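Subject: Structure for you to look at

Hello,

Here is the structure I said I would pass on. My notes follow below it.

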Amino acid sequence: MSKRPTISVEGIKKVYRKDDGSESLTVFRDVWFNIEEGEFVCLIGHSGCGKTTMLSILAGLDSASDGVVIVNGKEVSGTSLDRAVVFQSHALLPWMTVRTNIAFAVESRWPTWSRDRVHAHCQQYIDMVQLTGSEDKRPSELSGGMKQRVGIARAFAIQPRVLLMDEPFSALDALTRGSLQDQLMSICREQRQTSFMITHDVDEAILLADKIILMTSGPEAQICEIVENTLPSGRTRSDMHRHENYAPMRNHLLEFLVNRSVSSRDALSSSDYDTRHPPLVRPTTKTPPRLASRA
């Protein structure tokens with residue numbers, strides 16, 4: 001019997017309704033994809049295709065109008081400390097220090113731990129994101145990049161099975177963004193962290209992701225295709241452009257964003273991509289069995 005993926009998104013749809021119950025807007029529909037254990041998956045699409053809504057459904061902060069999301073064999077029906085979220089904004093508690101912001105999450109995850117154990121555990125992740133020496137600073141004393149590091153440390157500190165990120169580096173300058181991308185990539189590879197991230201940055205997706213999901217434009221957005229990243233797993237920002245598959249894959253992603261994201265019908269019928277380059281995985285319409293229990 002084959003092992004179930006860590007995340008299974010099965011035919012989800014999101015509809016916003018009017019006060020009388022009639023449909024007002026279908027953001028996306030018939031969305032299917034899987035994320036295996038230890039995989040890093042990026043989602044790319046124009047504004048309005050429901051990317052953040054989809055992440056909220058995976059996190060249990062919102063619910064789908066149809067279909068299910070299964071995480072670790074259980075249907076998502078609410079939030080869980082097995083799924084950590086890093087938002088676009090740092091979402092830190094302003095009256096708490098770096099250490100206590102992280103400790104607040106750790107104590108929620110392990111309420112029976114002693115203060116010394118919580119302190120040592122938090123320090124491990126503060127060191128991991130290179131904030132050693134800033135433990136007692138409050139968010140108002142930190143730069144934007146440092147705040148995002150605290151958010152990342154807090155997410156990793158609860159040792160989630162799944163890490164969900166909504167454009168966590170979009171508001172940062174290029175130098176800080178590059179540094180945090182390197183840190184995130186290193187931590188995820190070292191810990192075999194199952195990750196799902198929304199991004200508008202094609203190069204960020206190529207650097208971080210094992211698979212890149214392309215969404216058509218909304219309303220009624222769908223998955224256009226799923227691009228397998230064939231660049232070597234040890235790639236870095238400084239050397240990935242030297243790989244023979246980099247330029248064809250980057251051009252393909254850019255061409256999708258510019259010309260092919262509007263119509264899912266046109267995108268799904270496209271067959272002009274050179275098969276010597278990263279293969280494309282088409283979304284399936286076959287309904288897989290639902291063997292999960294409700295979380």
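D62 is partly exposed, at a relative accessible area of 29%; buried here means under 20% relative accessible area, exposed over 50%, and partly exposed in between, with a 1.4 Å probe and protein chains only. Its salt-bridge partner is K14, with N to O at 3.1 Å between the side chains. The term covers a side-chain nitrogen of Lys or Arg within 4 Å of a carboxyl oxygen of Asp or Glu. K14 sits in strand β1 (residues 7-17) and D62 in the loop between α1 (51-59) and β4 (66-71), so the bridge ties together parts 48 residues apart in sequence. K14 itself counts as buried, at 8% relative accessibility.

Before the rest, some conventions. The model is predicted, so local features need pLDDT of at least 70 and side-chain atom pairs count only at pLDDT 80 or more, while totals for chains, interfaces and linings use all residues. Residues are numbered from 1 along each chain as its sequence is written, and side-chain values use heavy atoms, with hydrogens and water left out. Helices (H or I, at least four residues) and strands (E, at least two) are DSSP runs, numbered from the N terminus.

Salt bridges

The search of the whole structure finds 7 salt bridges. One of them joins the side chains of R99 and D136, at 3.0 Å from N to O. R99 is in helix α2 (residues 98-109) and D136 in the loop between α3 (115-128) and α4 (144-157), so this pair links distant parts of the chain, 37 residues apart. R99 is buried at 17% relative accessible area, whereas D136 is exposed at 56%.

Another is formed by R237 and D182, whose side chains meet at 2.7 Å, N to O. This bridge also links distant parts of the chain, 55 residues apart: R237 is in the loop between β10 (223-228) and α7 (246-260), and D182 is in helix α5 (residues 174-191). R237 counts as partly exposed at 40% relative accessibility, and D182 is partly exposed with a relative accessible area of 28%.

Helix α1

Of the 9 residues of α1, 8 are buried, so the helix is largely enclosed by the rest of the structure. The buried residues are K51, T53, M54, L55, S56, I57, L58 and A59. After α1 comes G60, with a positive phi near 85°.

Aromatic pairs

Rings of Phe, Tyr and Trp (its six-membered ring) pair if their centres lie within 6.5 Å; planes under 30 degrees apart count as stacked, over 60 as edge-to-face and the rest as tilted. The count by this rule is 2 aromatic pairs. F33 and F196 are stacked, 5.8 Å centre to centre with 5° between the planes. F33 belongs to strand β2 (residues 23-35) and F196 to strand β8 (residues 194-198), so the pair ties together parts 163 residues apart in sequence. Both phenylalanines, F33 and F196, are buried. W110 and W113 are stacked because their ring centres are 4.4 Å apart and their planes at 5°. W110 counts as buried at 17% relative accessibility, and W113 likewise counts as buried at 17%.

Whole protein

The protein has 8 helices and 12 strands. Of its 295 residues, 50% count as buried. Among contacts (heavy atoms within 4.5 Å) with a separation of 6 or more, 71% are between residues 24 or more positions apart. The accessible surface, from the Shrake-Rupley method with a 1.4 Å probe and, for residues, only the protein chains shown as cover, comes to about 14,200 Å², of which 48% belongs to carbon and sulfur atoms.

Regards
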